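Visitor: Please take a close look at one part of this model, the interface between its two chains. I would like the contacts, the area and the pairing in one connected account.

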Amino acid sequence: MPAPKPPASEKRLIDSQKIIWGKQNLRELPKFRDGLSYLYVEYARIEVQDRSITVLNANGAADVPSAALGVLLLGPGTTVTHAAMKALADSGCSVLWVGEDGTRFYAGGVGESRSSRGLQQQVRLWSDPESHLQVVRRMYGLRFPERLPDHLTLRQIRGREGARVRDIYARASQESGVPWQGRSYKREQWDKADPVNRAISAGNACLHGLAHAAILSGGYSAALGFVHTGKQLSFVYDIADLYKAELVIPLAFESVADLPENIETRVRGKLRQAITSQRLLERMVADLHDLMGTQPEADVYEDDASRPGELWDPDGEITGGINHDGDDS
Amino acid sequence: MMVMILERVPPSLKGDLSRWLVEVTTGVYVGHASALVRDLLWDKCVRYVYRGRCYQLFRTNNEQGFEIRMHGDVGKAIVDFDGLQLMAFKDSRWLAFQQAELEAGSMKAQNDT
């Protein structure tokens, strides 16, 4: 006997549940540039309850708008359940584990992109010395408001960059009245560093997290850097360095001038304000596409992330996920 | 744009609020007002809310695009995560979490001694 058909009203309900609670539709997710930048959490438990991602700590149980969030930074004392990680990955939120100082990455997650088009382009630019150099030049070009003359060698450009950063430190120190003894921190003894250095490190950590999330959301690799090279996060340093000096250094000095206590939290707060007012997320995504020479086009796997990809062929890609049994004749 | 939510407040306060704002459904008011008027309305609510609760949400130029204020609700707290406002509920799941933390803490203390 066939199963009785559910009444129409019940069927409609099931259909609507499928739309809301089926596989996460990537189109529903706000694009990285429109979302919230970061959330730093420490001494908390992160779990899923009734499909919401909840941070439980001494203050209460707070639901996190994870679909709108670019990156979740997990500090010390955090516990994450398996279900929470899956839900975070589904909503395209990058998750990074960081140390107490917020300076070290322990691990990363996946972004919204399911297509490898960006990565293929990145590899193409990276592996050809001529185009590699062009990207490096464009990266330095973004840091100088005035156009860099074409005849400068890379060595000369690095010299100018050094002078630019030194000027930014000197100006920030002068404007805030906080003395500057040079960038120094002992990686083993965080508390011994002076407040300005700690402030800069905390701000940089957030910026690294954001750059990492932007890179993942564009479908690029964090390891293939252009200016930086040799480390798994080289491209993260490349992208963060485009904004680091002009954004973080003045904020760090300002925060220390206000009050030297509780410096990390206040720098992060100020940074969030600056990210909003300077539309940093939007700029980051635009600069990334610009540097890589890719168009921000629709992700072809947007509707169905588990759709099979293409097969490579010297004459152009062919359809994957089907049996090519008849092709050998 | 501004939204105000009132729970268990004197009818006169609700009536008064409807002079500035539109009541969408019971206790939910929406409207637009200058920052000054918004603050004055909030002060008025806090003053006359007695044992009830009131909430105010309004557009600001921050990352979230809005700010939340609340008064008279002991079961919730607005938690500031470095400039991001989230609502923290002190509900049953939170109590269970607290309980588990306490037990883990006392177990650790026993092991240490």
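Guide: In this predicted model, 28 residues of chain A are in contact with 20 residues of chain B. The size of an interface is often given as the accessible area lost when the parts come together. Here the area buried between chain B and chain A is about 1900 Å², and carbon and sulfur atoms give 60% of that area. On the side of chain B, the residues that lose the most area to chain A are E63(B), D82(B) and R93(B); together they account for 40% of what that side buries.

R93(B) also takes part in a salt bridge: its side chain meets that of D63(A) at 3.4 Å, N to O. The rule finds three salt bridges across the interface of chain B and chain A, and 10 residue pairs in polar contact, with both residues at pLDDT 80 or more.

As for the elements of chain B, those that give two or more residues to the side touching chain A are β6 (76–81), β7 (84–89) and α3 (92–112). The largest share of that side, five residues, comes from β7(B). Sorted by class, the side of chain B that touches chain A has 10 nonpolar, five polar and five charged residues.

β7(B) is also involved in strand pairing between the chains. Strand β4 of chain A, residues 60–63, pairs with β7(B) in the antiparallel sense over two bridges. Within β7(B), F89(B) is the bridge partner of A61(A).

Conventions. Residues numbered from 1 in each chain as written. Chains lettered and ligands numbered in written order. Predicted model: local features only at pLDDT ≥ 70, side-chain atom pairs only at ≥ 80, totals over all residues. Heavy atoms only, no water. Contact = heavy atoms within 4.5 Å. Buried area = accessible area lost by both parts, 1.4 Å probe. Salt bridge = Lys/Arg side-chain N within 4 Å of Asp/Glu carboxyl O. Polar contact = N/O pair within 3.5 Å; in protein donor to acceptor, adjacent residues only side chain to side chain. Helix = DSSP H or I, 4+ residues; strand = E, 2+ residues; numbered from the N terminus. Nonpolar A, V, L, I, M, F, W, Y, C, P; charged D, E, K, R; others polar. Pairing = 2+ DSSP bridges.
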